[in-house]
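Visitor: I am new to this structure and would like a short tour. Could we look at it together?

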Amino acid sequence: MFVRGSSGLVREAGFVDAVSVNVANMSVGAALGTVGFTLASLPTVAGVNLVIASIIAFTLSIPQIITYTTLTKHIPRTGGDYVWVSRLLGPRFMWLVVGLVMGFIIESLAYYALIAIAGVGQLDTMLLTLGINVNFTPLDIIGISILYFAIVVFANIMGTKYGIRLMTVLTIASIITLLLALAVLYVVPKSVIISRVSSLLPSGVTYSKVASQYTGPYFALGPTIMMLPFFAIYIYPWLQAAPAIASEIKTKRAINWNLPVSAVLSMIMVTLGFAAMYYSMGFKFSTMAMADGYINFWSAAMVASGNAALAWIIGIGSVLWYLAVLAYGAIVIVRYLFALSFDRILPEFFSYVSPRLRSPVYAHLFDLIVTASLIAAAEALYNTFSSLYGAVVEALIYFALVGAAAAIAALLNKIKLSRGVRVTLAVASILMVGVMGYISYQFLKYPSIWGGNWLAYGVEIGAVLVGIAIYFAAKYINLRKGLDISLIFMEIPPE
């Protein structure tokens, strides 16, 4: 029934690779660099505490961690959650599954476009902090953004092992520079940091003047909850990376533990990052300086170091975070295209694996072309990467569908699990659906904050409709060949 008797992919990823692909997916460095754009868009920053917001967001992600870990252990296949949800819901709902998966794929490509453009912004911030004024034009931004993604795509085309190693190296290097930045902000005396960071402020603007702009408590639940969509854009729901390459992970230990380890590690890093800013520069100044666009975590750490070499290292590391995210993206989203092709939904060339390069070449090229188009559209039409934030809503709806499928499977005992595991999965997946639904509601309620525009929404609605049309077209084409693809979704694909 499937395109081949085996996927043709090989086990190239170890435990560190599996953790790295999730950490890169969760985009901690990018979140620390871009949070100011969101703070500036809020109705008020009074009471917004990013440390507490991060802890709340992580707590809400625990049901998803349990759901994804359980299903990855029992169905470790290329395509991860697409394989689970399609087999658990069965043929009757495949039109919906394929539609939402295609929307998820395009949303992911929109996110990579967002990250690529934001990465150019961080490069500009790094250079300005080092005293180098470049003044990137919109065409420069488009060109560099596409170049970022093209580099990691071609590394993957040359061989899956090269793509995985590049992603792992970039992620580890990014984590090291983040730890270095944290050390600077926690070790250098506060008075020294404040004096050095004041150099980033415009003429006539002082530390005390910026800090005095903040009026309000150090924490208020309502305004802090308003930041949950920000963490949903960058960090906590993004646990599908390692599950999507599960059949390429070498050991059961790596399959079983990569998600909890990477989720906790990401939570610690981003929470400590925001805490370091509050500790070293004060809550009031940090909040207003980020909202006014004067500083971000990376520029503050670079200047606070007081050492040119250290500033360069931290600055380069801040840009590497964005490249690490793109490197994970070039690996993972191709696995969804691969899985859809392997199930005969997409054309067979998407699941073609080059015998010489051992990589799905054509799927990677499609990835590059669509992402480059979205980069150009976002920069040309809206001149900001945040114009693509709204596309995340579709991913949250897709994650809710995964949770619903897992709950049905657990309640109806569709997967062979012990009673305790089955009850845990049922409770966790139901909670997961509730969390995704609530955050989706926040996105839709405040479109001016979360990128609710026709580029983001239009791309996603179009992708879902195209996905539904693709399913029915594939069903018709295969029926003419004598194959009912409904039968495919009653069987787990081979490794």
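Visitor: Which residues lie nearest the centre of the largest pocket?
Guide: Welcome! This is a predicted model, in which local features need pLDDT of at least 70, side-chain atom pairs count only at pLDDT 80 or more, and totals for chains, interfaces and linings use all residues. Residues are numbered from 1 along each chain as its sequence is written, and side-chain values use heavy atoms, leaving out hydrogens and water. A pocket is an open set of points on a 1 Å grid over the protein atoms alone, where a 1.4 Å probe fits, with protein on both sides within 12 Å along at least five of seven lines; lining residues have an atom within 4 Å of a point. The largest pocket has 30 of them, and nearest its centre lie Phe 37, Gly 121, Gln 122, Asp 124 and Thr 125.

Visitor: Which helix gives the most to that lining?
Guide: Helices are DSSP runs (H or I, at least four residues) numbered from the N terminus. Helix H2 (28-41), helix H5 (94-129) and helix H14 (283-291) each supply at least two lining residues. The top contributor, with 9 residues, is H5.

Visitor: Where does Ser 27 lie, and is Ser 27 buried or exposed?
Guide: Ser 27 sits in the loop between helix H1 (15-25) and H2. Contact means heavy atoms within 4.5 Å, and Ser 27 touches Tyr 111, Tyr 234 and Val 325, not counting residues up to four places away in sequence. Buried means under 20% relative accessible area and exposed over 50%, with partly exposed in between (1.4 Å probe, protein chains only). Because its relative accessibility is 0%, Ser 27 counts as buried.

Visitor: What is the relative accessible area of Thr 271?
Guide: Thr 271 is found in helix H13 (residues 252-281). Leaving out residues up to four places away in sequence, Thr 271 touches Val 51, Ser 54, Ile 55 and Tyr 236. Thr 271 is buried, and the value is 10%.

Visitor: How many residues does the largest nonpolar core have?
Guide: A nonpolar core is a set of buried Ala, Val, Leu, Ile, Met, Phe, Trp, Tyr and Cys residues joined through side-chain atoms within 4.5 Å. Among those with the most contacts inside the largest one is Met 227. Aside from neighbours within four places in sequence, Met 227 has contacts including Val 35, Leu 39 and Leu 50. The number of residues in this core is 195.

Visitor: What does helix H20 reach from its first C-alpha to its last?
Guide: Helix H20 (residues 454-480) has 27 residues.

Definitions and conventions: Expected span 1.5 Å × (residues − 1).
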